[in-house]
Amino acid sequence: MPRLEDTEHALLDAGQGAKERAKSAWDGFSDFALRDNVLEVAVGLILAAAFTTVVTSFISDILLPPFSLIPGINKNLEEKFAILKRGPHYVKGSGYNTLKQALEDGAVILAYGSFLDNVLRFLGLGIALYTVAQFYGWVSNDSIIKKQVKCKYCRKRISPSAKRCVNCTSWQDGREG
């Protein structure tokens, strides 16, 4: 029968081992997750999500509604659709008033308005990000947008100051290495 002292020492040793393993796991996690570049990426992603929401709202709520005032477009742009196959409850003459109504009736539709809406949102976000990058370059004198040229041999993009192409390793000044 084991003595009480031996059991007590075994429990203390097991507790100490668990504590060391937990500390080691925490140190490994903190080395991975709390590095400078990981935190920068996390903050950048959060800011990008917020920025995307603002630009999407700007495009959807401010830029696109005036398009509905153009003669012939009597709906919001994302509600424009073409009927490819009518549903069973299609009423000739009045048709479907909304995209949702057509989908609920089982009609096959081409939602070109939604596609155009997404294209405009993408272009708006791209232009907004480009403007922010240009403004940052103007304020800090350090451009985010780096100029690149094509390699003469492999046609991939490289830095204009590169002596050799990083892709095909050819010399850019024409000499053979």
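Author: The chain has four helices and four strands. Read from the N terminus, their order is α-α-β-α-β-α-β-β. Keep in mind that the model is predicted.

Reader: How many residues does the chain have, and what share of them is buried?

Author: The chain has 177 residues, and 16% of them are buried. Its accessible surface is about 14000 Å², with 63% of that belonging to carbon and sulfur atoms.

Reader: Where does Asp117 lie?

Author: Asp117 is part of helix α4, which covers residues 112–140.

Reader: What makes Asp117 count as buried?

Author: The relative accessible area of Asp117 is 4%. Buried means under 20%, so Asp117 is called buried.

Reader: Which residues is Asp117 in contact with, leaving aside its neighbours within four places in sequence?

Author: They are Leu64, Leu77 and Glu78. To be called a contact, heavy atoms must lie within 4.5 Å.

Reader: Why is the pair Arg121 and Asp117 called a salt bridge?

Author: The side chains of Arg121 and Asp117 meet at 3.0 Å, N to O. The definition asks for a side-chain nitrogen of Lys or Arg within 4 Å of a carboxyl oxygen of Asp or Glu, so the pair qualifies as a salt bridge. Side chains of opposite charge can pair when their charged atoms come close. The structure holds one salt bridge.

Reader: How far apart are Arg121 and Asp117 along helix α4?

Author: Arg121 and Asp117 are four residues apart in helix α4, so about one helical turn separates them.

Reader: Is Arg121 buried, exposed or partly exposed, and how do you know?

Author: Arg121 has a relative accessible area of 25%. Partly exposed covers what is between buried, under 20%, and exposed, over 50%, so Arg121 is partly exposed.

Reader: What makes Asn141 count as exposed?

Author: Asn141 has a relative accessibility of 71%. The cut-off for exposed is over 50%, so Asn141 is exposed. Asn141 sits in the loop between α4 and β3 (149–150). Although Asn141 is not a glycine, its phi is positive, about 55°.

Reader: What is the phi of Thr169, and where does Thr169 lie?

Author: Thr169 has a positive phi of about 60° and is not a glycine. Thr169 lies in the segment after β4 (157–158).

Reader: Why is Thr169 called partly exposed?

Author: Thr169 has a relative accessible area of 46%. Exposed needs over 50% and buried needs under 20%, so Thr169 is partly exposed.

Notes
Residues are numbered from 1 along each chain as its sequence is written. This is a predicted model: local features need pLDDT of at least 70, side-chain atom pairs count only at pLDDT 80 or more; totals for chains, interfaces and linings use all residues. Side-chain values use heavy atoms; hydrogens and water are left out. Helices (H or I, at least four residues) and strands (E, at least two) are DSSP runs, numbered from the N terminus. Buried means under 20% relative accessible area, exposed over 50%, partly exposed in between (1.4 Å probe, protein chains only). Accessible areas come from the Shrake-Rupley method with a 1.4 Å probe; for residues, only the protein chains shown count as cover.
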